[in-house]
Amino acid sequence: MKPFSYERVTTPAQAAAAIAAKPGAKFLAGGTNLLDLMKLQIETPTHLVDVNALALNKIEPTREGGLRIGALVRNADLATDARVRRDYGVLSRALVAGASGQLRNMATTAGNLMQRTRCPYFYDTNTPCNKRVPGSGCSAIGGFSRQHAVVGSSDACIATHPSDMAVALRALDATVETTNAGGQARVIPIADFHRLPGNTPHVETELQSGELITSVTLPPPLGGTHIYRKVRDRASYAFALVSVAAIVRRDGTGRVALGGVAHKPWRVEAADAELPRGAREVASRLFAGARPTQQNAFKLPLAERTIAAALHQARS
Amino acid sequence: MDMNDDLTITRRELLIAGAASAAGGIPQAAGAQPAQPEAPVTARVSLQVNGTRHALEVDTRTTLLDALREHLHLTGTKKGCDQGQCGACTVLVDGRRTVSCLTLAVMHQGAKVTTIEGLGTPTSLHPMQAAFIKHDGYQCGYCTPGQICSAVGVLDEIKRGVPSHASADIAARPLLSAEELRERMSGNICRCGAYANILDAITEVAGGKA
């Protein structure tokens, strides 16, 4: 790790101001991803602003009938909340499908959204990576790409977003609330929060420099059957090859979002409309324009079958 | 011990020298990323470890794991992968199981930390320690302190109704099944493969409490 200075802040305004005051500063919450990357000198902040003392650790009802989740609510606490388990089962299921019990006790809601790819070339500082060193090239294209993106990728990057939670939030159409050093709040739909790689894979979210996530808001309960199915190389504690977040109503209509296939949680509204017709039609819409590599082309049929399994589960 | 101390000093000196040469060797272009602080930065933190208050002044980079092992000489907590994957460094922070390698000591001002040394003593074992011995829940023993701290955390989580991937009904109270315990312990790796006996040990303690 490179040396860094450290401060604790107690209000969102202080946090945003502390970041603005020091170029090279970063927010620190759970730290489970940031510290890992700092040890490898992939992240090299000169100053850490510890936001753990901010009063952003509550889950509260909204006037609209949804839930506002504080940015610092730990993944385990979010998965355990009785309202989340009852009305947003897809979110609770996605959370417990991710990481380990220890990490879920530490990781926060906002940090989960901000986590970076687990592409092995991003982690290997001896190899080119456009995300780590813009313009250096992509080692995954033409390299070992079994885990990588099949859709929405670019010639600069085929990394995936590793979060399970974000896939459920995408299916739920959650919104991300932020504040900046000027105290201005902003609401970003989860659909727009993460970016596709394009020519700038190092720019991963819509957040501006110094902008702090304060909460994530869920819409009023959608009803239906909530399903999160994750396919991975081990039965537990592994990132997804493919995951499916589905909310299916009794009449067969609903929503579906995929994890493990793109640079962001992958949802196509035209695919939702095909849900009553079956997994094949849904998958063909989700993967329109897909560009898999030879090594990860298996993800297309795997995703279709996982969607089929989810729809079967919803009917039974 | 002497040998370890020598190694520790050498590693620290190497880090300091490395940081200094990196900072000195790269010319700073105008408007480029600011230079890293050239020397390590220290900060004060007070931790309550196993019931005893400790005021420490540490390099900000010090993980909770290194603070426990290198500063407080509580070497029961083990460093395995140092990247949050193996669970050997699991301790309880304010009662919740945590991988101490992926958190900084300075983040835990005033926190209550329980390590394997604080769970029980050789003459007064914690029930989980006793059950691991009874069921032979280890071979080399390196992962054992983390396994035991994690297992204590798991039983508390089940008691508090924290769901898991193995819970058939996510809205229901979790069960104390073998499947649940296996899933919940998946963040603790045992390369000797003592899993079956670890499961027996945890099951016995869980049953005794239920």
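The model is predicted, with local features requiring pLDDT of at least 70 and side-chain atom pairs pLDDT 80 or more, while totals for chains, interfaces and linings use all residues. Residues are numbered from 1 along each chain as its sequence is written, chains are lettered from A in the order in which they are written, and side-chain values use heavy atoms, without hydrogens and water.

At the interface, 44 residues of chain A are in contact with 51 residues of chain B (heavy atoms within 4.5 Å). The buried area is about 3,700 Å², and carbon and sulfur atoms give 54% of that; buried area is the accessible area (1.4 Å probe) lost when two parts are put together, summed over both.

The rule finds 2 salt bridges across this interface (a side-chain nitrogen of Lys or Arg within 4 Å of a carboxyl oxygen of Asp or Glu). B:D82 and A:K39 form a salt bridge at 3.0 Å, N to O.

Turning to the cores, the largest nonpolar core contains 50 residues. Such a core is a set of buried Ala, Val, Leu, Ile, Met, Phe, Trp, Tyr and Cys residues joined through side-chain atoms within 4.5 Å, where buried means under 20% relative accessible area (1.4 Å probe, protein chains only). A:L91 and A:L218 are among the residues with the most contacts inside this core. Beyond its neighbours within four places in sequence, A:L91 is in contact with residues including A:I69, A:L78, A:M165, A:L169 and A:L218.
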